[in-house]
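This report goes through the chains one at a time and then looks at where they touch. Keep the structure at hand while reading.

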Amino acid sequence: MTDKAEEEQQLGKVWDSPRGWAALSDVNNSVIGKWYITASFAFMLFAGVLALIMRTQLAVPDNGLVSAQTYNQLFTLHGTVMMFLFAVPIFEAVAILILPAMLGARDLPFPRLSAFGFWCFVIGGIFVCGSIFFDAAPDAGWFMYPPLSTEQSGIGADIWLLGLSFIEVASIAAAVELIVGVLKCRAPGMHINLTPLYGWYVLIVGAMILFAFPPLIAGDYLFELERAFDWPFFDVSRGGDPLLWQHLFWIFGHPEVYIIFLPAIALLAMIIPTFAQRPIAGYSWIVLSAIGTGFLSFGLWVHHMFTTGLPAISLGFFSAASEAVAIPTGIQLFVFIATVMLGNVVRTVPMLFCLGALANFLVGGLTGVMVAVAPFDFQVHDTYFIVAHLHYTLIGGMVFPLLAGVQYYYPFATGKMLSRKAGIWSFWLLFVGFNVTFLPMHLTGLMGMPRRVFTYGADRDWGLLNMVSTVGAFIFAAGFLLFLWDCVRSKRHEPDAPRNAWNAGTLEWAGKVPADQWGLRSIPQINSRYPLWDDKNLLDTIDQGRGLLADAAEGRRETLVTSVLDAEPEQVLRVGTPSWLPAMAAFGLGGVFIFATWKLWWLTLASGIFFLAVVLYWLWTGTAEIPEKPSKDIGDGRRLPLYVAGPRSTGWWAMFITMTGDLTAYLGVLFGYFFLWTVHENFPPAGVSGPGWQWPLVAAILAIATWGAMVAARLSNAAGRVGLARALIIASTIGNVFTALALMAGPWTSGLDPTSHSYPAIVWALVVWVVSHLLAGMIMQLYCLARSIFGRMTPAHDADLWNVTLYWHFIGFSALLTALVIGGFPLLQ
Amino acid sequence: MSPQRAHNEVERETGHGTDLWRVIAAPIIWALHFLFCYVFVAVYCEKAGRTADLFEARLWVMGATALALGAIFWLTLRIWRVRARSVTDDDFEFEHNTPEERHRFLSHAALMLCVLSAVAVLYIVIPALYLSTCR
Amino acid sequence: MGQAGRAIDDRYWRLAFVAITAVSLGACSSQQSALHPAGEQARDVADLFWFMTISGALVWCIVMGTAIYAVLGKKRPRSERFADRFVLIGGVVFPTVGLAALLVYGLSMLPSWTETEAPDLRIHVVAEQFWWRMAYEGADGVRIDTANELHLPLNATAEFVLTSTDVIHSFWIPSLGGKMDAIPGRTNVLRLTSSKAGVYRGVCAEFCGPSHALMAFPVVVHEADDFASWLEQQRRPAAASTGAGAEAFRAAGCGACHTVRGVSEAGSVGPDLTHFGSRRTLGAGTLPLTAAHLADWLVAPEHIKPGVRMPSFATLPDAERDAIVQFLLELK
């Protein structure tokens, strides 16, 4: 056997998927990606059926098909599932599937984290969806406005809150994975200006998730404190304010629309150049507008609150930003059209879906420009006009591009082609059905039909329009069924798709058909944006193993880590292998959220401990492993280290990104403090004393000392003074405990009762948030100590300490800020 | 195309300083300006009452706008020095595989984001031009 | 926009309006339509709507036409420069200018009045699950309580002072103008100016629970004199304070929740019924007010309006219930 054949056999052995029941323990991105996509589509079908029931109910006036209570569960669940279990996860799913191949990586940097995210998503999704079969589904709308939602006696709202908090964990896990993937796992030579546009979009959307989802987590945190422990953040009678929730919800909710939309547009940015058979005309335009959209989308949230009675000038600011965001959004569409103009178009089914997407999204965009004008929104807000608008943006801007993407990437994912005929038929059914459903709704809304009504009187004259919409909805559903049937029907007797089926230029099409588990045979040097078009020898280089990292001699799964801007190879990263640990951890964490729904606190605690134990075992055995040799030959005469710590390592970036999200959530809670201050004449309210300044001052000093000790521990460990480092870690752990105690001492000794008023409640909410993070920090410190003692962390191999120190930068900062705010702010007034 | 040939085509070294942080500097200025305007006016109206006159708040908004535009202008000047088209074709495609080209690309993106951010800042002040009370 | 400009504009928009509505609206009801304005704010917004819709449709046609031509049309070689210019003009310059203009025009409709501009009439509205408590502020500052039906004088500006006691609702009369939320713990103010007499319909626009769909109210816009006499009539206590009906009303305990001024004034949980018989609807716009509907309502309110707080009076003897129905209908 030749060397090359031996290499290939070894690669196959290393990357082979487990079989039988053990297949469920797989973590490889191409497997997890497909599971993830399938699960998202399953949830979408479920929510689609809910929509059909609603449309049937509304087909005729005064219909009695479902009761008001059921109808309210239907639309709440429809919105919730479509948003949280389809639109956002499908982005993560598709990205997990195609991103590594596109960047020339063997896998994402944290495959087990992807698997963990997937299992969280499935467990949480089934939990939320299943509730409707027990008549226990949430029924206060997907936006869960208090006080309607806080005063409900059932567990619907708890299922919503806890189930979705759990799913948000999955989203943030995916964001971490994908950001690090784009920044650090590109093929050598793939400078940031040569990165496929999809990578740019993933990077931007990942960053948006970090700033958009945490405010909702903060909102969920306050909300659940109110529901479970009666802390009155939103209860007016005790100094709360329902608008606080609306702000936190929509600071999440509006960027979320773009978090859904941008990854779908990213698919168009890959598909259109392929079928125009030329590079995108305006790469920089796209990057600019994607970044611009990402930013501006955070300045729109109040346009969901135009009728809440905020000052007109505030509405004006948000109207202006909502119009401004149309500029970068539009630029992207113009670049697509320009690309088509310059190229020679190949007329294919994916292109048909692209055109359909453009036609529909444009309507949504234009009505978006209309509703962004606040006075117009006063009329149409909460009417069917908005229902029409949002479905045009989401179905036109997300579903149609996604279906174009499914058509386009089907041969990549499965090695078979979809039927052209079925594709064209399903397109027209979808396109016609969609427009017949939603175009009349603009008029229905202007004729005064509010949203979320379970029925309407015959004298309203909305009957005909609603009947048309209902008929359209069933045509749309038929189109979807045809599309999905074409995807899932057996194609065993059909020939395999040719390699690079569409003659595309980007790297993901370099793979063989059927695809290899390990991705590319060897990782090539990249010199252009469309390497398959520009470098005719590329496939040979890859296939004959003349690229980098052509072997897996040590029997480990490995991928290349490169530098952020210029993709210089930096490290050979050993990635996780199949394991039951991610699924076990997901079940443990799922238990925490699910048992908490029924307030079964002992079981919640037990699940939490189980989760912690699994995670610690996972980290201990699977991360920051000291390699058997310091470096490895990757071919082409290059040697790369196998172990990297600090800012050049993927783990450090993952911690940085996670903690950025976590800090955002903390700032969300802190926003609650200042928001409540603005609505009160006196804050703390008259007759209530704050926590005083003495204990918070002590806490601040202790936090600085603890933080400093941690930094000193890392420095002295790196300098080889292991004993001193251990002592400093112990000192820091003790300081940590006292910081927590001092923080709690303020409100405790001054007798602040969190159930009495929103002021003590928000002070305690801040303190509890920080204290729980200190507790987590303590576990990390003890973990580092143990790693040091057991020889898994040495002066030269100190990734754990780097990452825990980084954690401390964030948590030290928030402890300090909390102490300053609760102790210092009352003194300012 | 080989790296050697491209290297010959570099007529003018443009530096290498532009990184992802500088690209997002202008949008961050927009975000800070937007947050300031919104938060300042919201707190002002909440504390002064809804019948209050906005004159003072509008002055602050205008001041912040001048500051934001100034900062964006300063950023623009710094990036303007790069004034770069592609290494290869004298266009804005930036398809080449060198750090120089990457730097030019990021500078170009940063420059255009400066323009977009300035437009967005100007949009934000439109309502402050003619609304005079906290209604 | 000057008066002359406005008049021309109006004619133009009305033409477009007639053309389009003739096709699409047919003979539809105009009681609750933002496209059939009967108030100044609604008319401004309707104008804005037609302006934006027509410009939007134009933009859509141009962009889609270009896209379809690009896919299907004959190929001409074009340069990257052409693409750059195309994106610059179509994607940057045109939207920037167009959107700025729209913003200036649209935002000019934002409410912006000073305290010196007093409204002609002030009405305090408290939204509750699932009905409306309404109180007219008289010239003497005395409030006249009523519920679930709004009367307004023609060509006058009414100020609605909105709040809620339970969950968030939204007060919306499409024919007169935009909506405003009624939020517990907050007081919002909305001003609407009627410009056409008639009967319209207002609704709750913010999802507020099971019977959100059944929370509405008729809006009657009268000539000023008619309105004054209506208000004067509302000021008076109930027409019939004695008799079998009133007795049955008291005996059944209706007074625990409902006030009928002159008969029973202790109840404040449910709607004020002092002039109930003069109202057009039952159950806050749920059913037309007739004896049969009212009898059904007393028997099974939950069936008609899910989640309503009104208990069933099915156990009451038929005669007594009929007496109550008669009594209530006579409260003109």
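Two strands are said to pair if DSSP finds at least two bridges between them. The model is a predicted one.

The table puts some overall values for two of the chains side by side.

| Property | Chain A | Chain C |
|---|---|---|
| Helices and strands | 24 helices, four strands | eight helices, twelve strands |
| Radius of gyration | 27 Å | 26 Å |
| Span of the C-alpha trace along the principal axes | about 85 × 80 × 45 Å | about 90 × 45 × 40 Å |
| Share of residues that count as buried | 64% of 829 residues | 43% of 332 residues |

The secondary structure of chain A comes to 24 helices and four strands. For its 829 residues the globule rule gives 28 Å, and the radius of gyration, 27 Å, is close to that value, so chain A is as compact as a globular protein of that length. Chain C has a radius of gyration of 26 Å, whereas a compact globule of 332 residues would be near 20 Å.

**A helix pair and a hairpin in chain A**

Two packed helices are described by the angle between their axes and the distance between the axes. In chain A, helix α7 (residues 242-276) and helix α8 (residues 283-296) have axes that come within 11 Å and cross at roughly 170°. Angles over 145 degrees count as roughly antiparallel, and α7(A) and α8(A) are therefore roughly antiparallel to each other. On the α7(A) side the contact is made by A:Y258, A:L262 and A:A269, and on the α8(A) side by A:I286, A:A290, A:T293 and A:G294. By class, the residues of this contact between α7(A) and α8(A) are five nonpolar, two polar and no charged.

Chain A also has a hairpin. Its strands are β3 (residues 631-635) and β4 (residues 638-641), which pair in the antiparallel sense over four bridges. A:S631 has A:P641 in β4(A) opposite it. Two residues lie between the strands of this hairpin, and A:D636 takes a positive phi near 60°.

**The sheets of chain C**

Which order do the strands take in the open sheet with β4 at one end of the list? The five strands of this sheet in chain C run β4-β10-β9-β6-β7, with mixed pairing. Its edge strands are β4 (150-153) and β7 (180-182) of chain C, each of which pairs on one side only. From one strand to the next, the twist averages 30°. Within the sheet, β4(C) pairs with strand β10 (residues 216-222) of chain C in the parallel sense over four bridges. Helix α4 (residues 224-235) of chain C packs on the sheet and touches β4 and β10 of chain C, and the direction of α4 makes about 140° with that of β4(C).

Another open sheet of chain C has five strands in the order β3-β2-β1-β5-β8, again with mixed pairing. At the edges stand β3 (143-147) and β8 (188-193) of chain C; each has a single partner strand, so one side of each is left without a neighbour in the sheet. The twist in this sheet averages 25° from one strand to the next. Strand β1 (residues 121-128) and strand β2 (residues 131-137) of chain C pair in the antiparallel sense over seven bridges. One bridge joins C:V125 to its partner in β2(C), C:M134.

**Where the chains touch**

How many residues of chain C are in contact with chain A? There are 66 of them, and they touch 67 residues of chain A. On the chain C side, α2 (40-72), α3 (80-107) and β7 each supply at least two residues. The largest share, 15 residues, comes from α3(C). Sorted by class, the side of chain C that touches chain A has 39 nonpolar, 18 polar and nine charged residues.

The contact between chains B and C takes twelve residues from chain B and 13 residues from chain C. The chain B side of it divides into six nonpolar, three polar and three charged residues.

Key. Residues are numbered from 1 along each chain as its sequence is written. Chains are lettered from A and ligands numbered from 1 in the order in which they are written. This is a predicted model: local features need pLDDT of at least 70, side-chain atom pairs count only at pLDDT 80 or more; totals for chains, interfaces and linings use all residues. The radius of gyration is taken over C-alpha atoms; the globule rule is 2.2 Å times the number of residues to the power 0.38. A residue is buried if 20 or more other C-beta atoms lie within 10 Å of its own, exposed if 12 or fewer, and partly exposed in between; C-beta atoms are placed from the backbone. Axes are lines fitted to C-alpha atoms, for helices over the stretch in contact, and angles run from 0 to 180 degrees between N-to-C directions. Two residues are in contact if their C-beta atoms, placed from the backbone, lie within 7 Å. Ala, Val, Leu, Ile, Met, Phe, Trp, Tyr, Cys and Pro count as nonpolar, Asp, Glu, Lys and Arg as charged, and the others, Gly among them, as polar. Angles under 35 degrees count as roughly parallel, over 145 as roughly antiparallel, 65 to 115 as roughly perpendicular and the rest as oblique.
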